[in-house]
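Subject: Structure handover

Hi,

Here is the structure I promised to pass on. Please open it alongside this email, and my notes follow below.

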Amino acid sequence: MARFAWPDGKQCAVALTFDVDGETIPLVQDPDRGHERLTLISGGAYGPAVGVPRILDVLQSAEVRGSFFIPGFTAELHPGLVKRIITEGHEIGHHGYLHERPDTLSDEDEEAVLLRGIDVLERLTGRRPVGYRSPSWELKPGSPELLQRHDFLYDSSLMGNDIPYRVATPHGELMELPVQWILDDYPHFARVGGEIASPQKVFEVWSSEFAGYHRFNGCYVLTMHPFVIGRPSRIALLERMIEYINDFDGVWWATLEEIAAYCLSTGVGDTWTPPTLPSRLERESGRVRHP
Ligand code: ZN
């Protein structure tokens, strides 16, 4: 009995996802002075200018479609790139407007940012986004309900499993397609001032993790950033991973939208009710009793 029922008896699913942060990076890294730091700005610009076209070429020759999460601000700066991503059959999902972390925003501001990002993507792609990935993978307890209210099919920012699951909200369930730092290029490669991993090392980590996902019927979601994975030595890692995965039987290559639609139409995926944890004040007041 498979741990998760993938379509046509497939063994596991694989989704290649790209967070196109672009020029929001300097503003995120240095909110006060980022707009004046030209080197930081150029480092962010490398993603849309060099990384994304390189990634699109790899996906095209491998005949794999990906899911691109783009902040509204970045999409507005690069409408031609957005068009190319859509034209080549990939998915575009929501990634904030200016890459704002929801946990740093009030509920009202979180909703305003969500609406602004929807508006930009809808205007540029002709279609309302159905997928959401929060900047820096931070969500608030109320975020899943907010996404549900605004008709998103899924979120891809939580880490509670390695197969799809449903987050219970007062407004119904939201499909979750979980991620994990081990399958993100950023912590492996982008350690300014620290040791930068070689593509060989990351191949070792990602490929052995994939073998485990295949064994346990997982939903293998790789999260990459064009300014990171788009570097000359690392784009070869992406090609090598695609080749490696293609050597396995029973792999379903899909966009996150396709995976979410499959889960929602077939009813697969357990429900998770997020626990309500006590605040610091409640813990320190002694009002919290542990069982
Ligand atoms: Zn991001």
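This is a predicted model: local features need pLDDT of at least 70, side-chain atom pairs count only at pLDDT 80 or more; totals for chains, interfaces and linings use all residues.

Residues are numbered from 1 along each chain as its sequence is written, and side-chain values use heavy atoms, leaving out hydrogens and water.

**The zinc site**

The zinc ion has as its protein donors Asp21 (OD), His95 (NE2) and His99 (NE2), at 2.1 to 2.2 Å. Donors here are N, O and S atoms within 2.8 Å of the metal (3.2 Å for Na, K and Ca), and sites may look incomplete because water is not among the atoms. The spacing of the donor residues along the sequence is D-x73-H-x3-H.

His95 is buried at a relative accessible area of 1%, and His99 also counts as buried, at 9%. (Buried means under 20% relative accessible area, exposed over 50%, and partly exposed in between, with a 1.4 Å probe and protein chains only.) His99 lies in the loop between β3 (91-94) and α5 (107-125).

**The loop between β4 and α6**

Ser134 belongs to the loop that runs between β4 (131-132) and α6 (143-149). Ser134 is buried, because its relative accessibility is 0%. A polar atom of the Ser134 side chain lies 3.0 Å from the backbone oxygen of Glu138.

Ser136, by contrast, is partly exposed, with a relative accessible area of 34%.

**Backbone angles**

Most residues other than glycine have a negative phi. Yet His99 has a positive phi of about 60 degrees, and Ser136 has a positive phi of about 60 degrees too.

**A helix pair**

What do Tyr46, Arg54, Ile55, Val58 and Ala62 in α2 meet in α10? They meet Pro232, Ile235, Leu238, Glu239 and Ile242. Here α2 covers residues 38-62 and α10 covers residues 232-246.

Best wishes

Note on methods: Helices (H or I, at least four residues) and strands (E, at least two) are DSSP runs, numbered from the N terminus. A polar contact is a pair of N or O atoms within 3.5 Å; within protein, one must be able to donate a hydrogen and the other to accept it, and residues adjacent in sequence count only if both atoms are side-chain atoms. Axes are lines fitted to C-alpha atoms, for helices over the stretch in contact, and angles run from 0 to 180 degrees between N-to-C directions. Contact means heavy atoms within 4.5 Å.
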